[in-house]
Amino acid sequence: MYPNNQKKTGKQIAGEVYTALLLIFIYVPVGVMIAFSFNNSRVNMVWSGFTLKYYRQLFQDSELWHIFGITLFIALIATVLAVFIATLGAVGFRKAKFPGKKLIEQSVYFPIVLPEIVLGAALLLMFTTAGFTLGLATIIIGNTTLLLPYVFITVKARLVGMDPAIEEASLDLGADRFYTFMHITLPAIGPGVVSGAFMSFSLALDELIVTSFLTSADITTLPIKVYSMVKKGVTPEINALTTIIFLICMAGVLVYLIRNGMTVRHLKQTQRGA
Amino acid sequence: MKKGKEKKTAKAKISAIVMNGPIVIWSVLFILIPVGVLVVMSFMTKGPLGIIVYRPTLANYKAILSPVYGNVVRQSVVIAFWTTLLTVLLGYPFAAIMSKMRAKYSGIVMLLLMIPMWVSGLVIIYSFVILFNQSGLINTLLLKIGLIRKPSKMLYTNFSVIVGMFYMFMPFAVLPMYSSIEKLDPALIEASKDLGAGPVRTFFKVTLPLTSPGIFAAVILTFIPCIGYYMVTDMLGGGTSMMAGNLIYRQFTIASNWPFGAALAVILAAVILIMVLIYTRLGGSLDDLG
């Protein structure tokens, strides 16, 4: 596990034990969640036999599939918007000079610096004051705003390692700005854009606070549904649902990491903000 | 020649507008203006049926100082403090151990740490209800071993809230600590030891000061969301404990007192912005908070 070691020292063994203990702590609740999705009893506290019926019920629940569709739709649109706006902005901001630029740049970080509840409350107050009807549009706007800084940061991190001379060379050789952006800049920052998009999408799928402020009575997303079910007491269906999401997520992350080489740097670029 | 240059600058202008326009417009419309509206609303009065009356007042801010809300603030700070302390004390060694592993292994460990958070942390947190309940797994286990005589009350206490919060935020706090420990030049540690400092002295005089930006980032990443995150308190704290996040959320939902909710949110935002300001003044980068 360690570079250039012949024999493990006591210190290294202690380190491995410590790592294992913390990971066990992280996975005990996960194991409990998965185990209880197979629990025969509706009352979630006691184990009373193995069953698959909650998975069957889940797949027959048309309302849940509808909610799942809405959640995917919101996450997809918000991710596309955030990636588009933040990528252009991160590239453009390097050379841009205009009054108030610093304020704008700092405000882009607001959604991660401030608790989500502050952003949710602020957007709710603005939309209602401006006479907007809450609904799909306001949820998408809220989610996009929340995702903006994550894409901005990951793209900016890629730009730091990029030599501006390459872009200048392209322009000097007669390529126009659009061509240069598409053929020089974008391929260079591509991994950052993909990481940002990936992270945004998984963030938006799990987004609860801002969405709950900006939603109307007729729109429910998966996290809102899960939260309202949890408050009534978790049923094995929720455990089954989360187990499925957990496995899908794990598969997605694994595929992504295997394609990109499994290093902490990539994980850092795809990390989710709390 | 001159004409060509003019044309180029005009084109450059258009491309600058296309690139920067969307993010400028979006930040003004959906970040700056909403925050401005929030601040203005916090000085307004609550009318009947939750309607906002545009009569400026300081009453909302005065109300926050009343003892009823003082308890909520104290509770929030206590829980956030213990969560943050636990996160840094347990997360720092974890980050240090990871930084000594080969990139491939540290990647896998980090992945194992992050995945549960990537997925709905909400339902996983609920597993603690099953674990901590009076008749839950932990109590049953402890009773069977004979460590305790009767089930101990763990659920719906500050203890269960802190464990839940720690579970939720520890993975994110490990990342900045890991980056700063990894950046540390091992030659400095060796130099310190060569000059006669013992491991403890080296840790406190060299390692700790040089990795403090990572620790501060971890503190911010735990403390901020902890205070505003009302779900864990809701689920594991029962009705007994309330944090600032719960209070704000209630003002916007059950109590329908939006101006007061806005004032609470403004105070929360102000406290956090001050913390972030100190962090950036000390040389921390906002990018590390992502």
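How do the residues of the lining of the second largest cavity divide into nonpolar, polar and charged? The structure examined here is a predicted model, in which local features need pLDDT of at least 70 and side-chain atom pairs count only at pLDDT 80 or more, while totals for chains, interfaces and linings use all residues. Residues are numbered from 1 along each chain as its sequence is written, chains are lettered from A in the order in which they are written, and side-chain values use heavy atoms, with hydrogens and water left out.

To take the opening question, the lining divides into 5 nonpolar, 4 polar and 1 charged; here Ala, Val, Leu, Ile, Met, Phe, Trp, Tyr, Cys and Pro count as nonpolar, Asp, Glu, Lys and Arg as charged, and the others, Gly among them, as polar. The whole structure holds 2 cavities of 30 Å³ or more, a cavity being a set of points on a 1 Å grid over the protein atoms alone where a 1.4 Å probe fits but cannot get out, with lining residues having an atom within 4 Å of a point. Helices are DSSP runs (H or I, at least four residues), numbered from the N terminus.

The N to O distance is 3.7 Å, and the criterion is a side-chain nitrogen of Lys or Arg within 4 Å of a carboxyl oxygen of Asp or Glu. Over all chains there are 3 salt bridges, yet the interface of chain A and chain B has 0.

That interface takes 95 residues from chain A and 95 residues from chain B, contact meaning heavy atoms within 4.5 Å. Between them the chains bury about 8800 Å², 80% of it on carbon and sulfur atoms; buried area is the accessible area (1.4 Å probe) lost on being put together, summed over both parts. Helix H1 (residues 10-36) gives the most to the chain A side, with 14 residues, and that side divides into 70 nonpolar, 19 polar and 6 charged.

Conventions. Buried area is the accessible area (1.4 Å probe) that two parts lose on being put together, summed over both. Helices (H or I, at least four residues) and strands (E, at least two) are DSSP runs, numbered from the N terminus. On a 1 Å grid over the protein atoms alone, a cavity is a set of points where a 1.4 Å probe fits but cannot get out, and a pocket is an open set with protein on both sides within 12 Å along at least five of seven lines; lining residues have an atom within 4 Å of a point. Grid points are joined across faces, edges and corners, and a volume is the space filled by probe spheres set on the points.
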